[in-house]
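Subject: Structure for you to look at

Hello,

Here is the structure I said I would pass on. Please open it first, then read the notes below it.

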Amino acid sequence: MDVAPHSPPPPILYVITKGTWGGAQRYVYDLAVAAKARGHLVTVACGGHGELVQRLTECGIPVVLIPGLARDVRLGADLRALIGLVRLIHRERPYVVHANSSKAGLIAMLAARITFVPHILFTAHGWAWNELRPRWQKRVFKLLHFVTVLLAHRVIAVSNAIREDALWMPLVSKKIYVVHLGISPLQLVPRTEARLFIEHTLDASLPASAVWIGALAELHPTKGLDVLIRAFARLLDTEAVLVLIGGGEDRGRLVALAHMLKVESRVFFVGHIQDAARILPALDIFALPSHSEALGYVLLEAGQSQLPVVASNVGGIPEIITHEVTGLLSPAGDDTLLATNLRTYIEHPELRSQYAQSLHDRVLTEFSNDRMLEETFPLYAS
């Protein structure tokens with residue numbers, strides 16, 4: 001970094017669209033906290049209040065709300081967000097602008113270029129064209145992502161799959177660096193206490209002898225939870241129950257599906273829980289049946305919790321889950337094979353233990369937060 005040897009670490013501005021809490025927000029939080037600990041002056045800009053804003057404020061990290069910065073495309077609001085970011089950069093004079101998420105990425109890249117920021121980075125947590133959406137929208141998003149990548153000095157892909165999906169773009173391959181996500185050790189709740197917490201939240205008792213299959217995810221079509229419910233409906237001859245932790249727009253549709261398949265008495269919607277990863281030990285089997293997934297923080301959390309995993313063979317998931325080594329994989333959308341994998345775990349508890357331990361070991365050795373930070377911060381100076 002072109003600064004005097006004894007000067008303080010230069011200011012960093014992190015930008016993300018939503019101030020709520022999810023994988024990208026957790027990533028920004030971890031980087032911002034670590035950057036502050038290293039002596040950087042850190043500011044985070046986002047489009048609204050939420051758990052991320054609350055957590056950063058508690059850590060003494062300034063958060064600036066940018067009017068108009070939202071996920072949906074609205075030209076008037078997007079222009080206000082661009083102007084707001086340009087003004088913020090003029091005031092804060094960051095040496096590094098590091099943007100996350102699709103909308104914040106494009107607007108922040110434009111604002112940083114307009115203001116001649118020396119180091120401009122974008123982290124790709126996923127590509128919108130891989131989501132379930134009409135073909136014309138996929139084409140539009142491909143163009144917008146291409147512009148975002150072109151404007152960035154360096155692009156961080158959170159998995160090899162994300163990088164490979166972008167290699168069709170001309171002139172960008174040399175600026176894309178793979179830095180896998182990493183997490184710090186979790187403060188896990190003991191199994192019995194975690195189960196009591198879930199039952200208290202549900203105001204219901206679940207069979208003590210049942211195998212608890214669970215998912216921790218936003219209730220969104222991309223997460224494939226409808227596929228999980230259909231797979232679970234094939235397991236009614238077992239004692240398993242299905243526990244879905246998380247809130248979101250898809251809850252009504254999923255509840256209706258469970259009712260239609262006559263499994264509503266064995267499918268439990270826990271809702272949103274803050275720091276929900278701490279109660280993962282309540283589960284016996286963890287499922288991530290996503291249609292699209294950049295990598296998946298939640299798989300790292302499941303690994304730390306020593307849970308056996310079934311997941312879709314999409315995106316960066318196979319970079320964590322090796323089939324029949326650290327878990328079981330099936331094609332996205334295939335409820336038949338997903339049900340087969342779940343039944344394998346239910347009938348063979350020794351396999352659950354074996355794969356859970358293998359995943360636990362991989363997460364600890366390959367996906368630590370310290371490793372992620374040590375690979376990320378040098379990119380601010382290159």
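**Aromatic rings**

There are seven aromatic pairs in this structure, where a pair means rings of Phe, Tyr or Trp (its six-membered ring) with centres within 6.5 Å. Planes under 30 degrees apart count as stacked, over 60 as edge-to-face and the rest as tilted. One of the pairs joins Tyr-345 and Tyr-355: the ring centres are 6.2 Å apart and the planes stand at 70°, so this pair is edge-to-face. Tyr-345 belongs to helix 11 (residues 335-347) and Tyr-355 to helix 12 (residues 349-366), so the pair ties together parts ten residues apart in sequence. Helices here are DSSP runs (H or I, at least four residues), numbered from the N terminus.

Tyr-345 is buried, with a relative accessible area of 0%, and Tyr-355 is buried too, at 6%. Buried means under 20% relative accessible area, exposed over 50%, and partly exposed in between (1.4 Å probe, protein chains only).

Phe-377 and Tyr-380 also pair: their ring centres are 5.4 Å apart with planes at 90°, so the pair is edge-to-face. Phe-377 is buried at 9% relative accessibility, and Tyr-380 is buried at 1%.

One aromatic cluster is made up of Trp-127, Trp-129, Phe-146 and Trp-168.

The model is a predicted one, so please keep its rules in mind: local features need pLDDT of at least 70, side-chain atom pairs count only at pLDDT 80 or more, and totals for chains, interfaces and linings use all residues. Residues are numbered from 1 along each chain as its sequence is written, and side-chain values use heavy atoms, with hydrogens and water left out.

**Charges over rings**

A charge sits over a ring if NZ of Lys or CZ of Arg is within 6 Å of the ring centre and within 35 degrees of the ring normal. The charged end of Arg-26 sits over the ring of Tyr-297, 4.9 Å from the ring centre. For Arg-55, the charged end sits over the ring of Trp-21, 4.0 Å from the centre.

**Cysteines**

How many disulfides are there? The count is zero, a disulfide being a pair of cysteine sulfur atoms within 2.5 Å. Cys-46 is in no disulfide, and the nearest cysteine sulfur, in Cys-59, is 14 Å away. Seen from Cys-59, the closest cysteine sulfur is that of Cys-46, and 14 Å is too far for a bond. Cys-46 is buried, with a relative accessible area of 0%, whereas Cys-59 is partly exposed at 26%.

Regards

Notes: Helix = DSSP H or I, 4+ residues; strand = E, 2+ residues; numbered from the N terminus.
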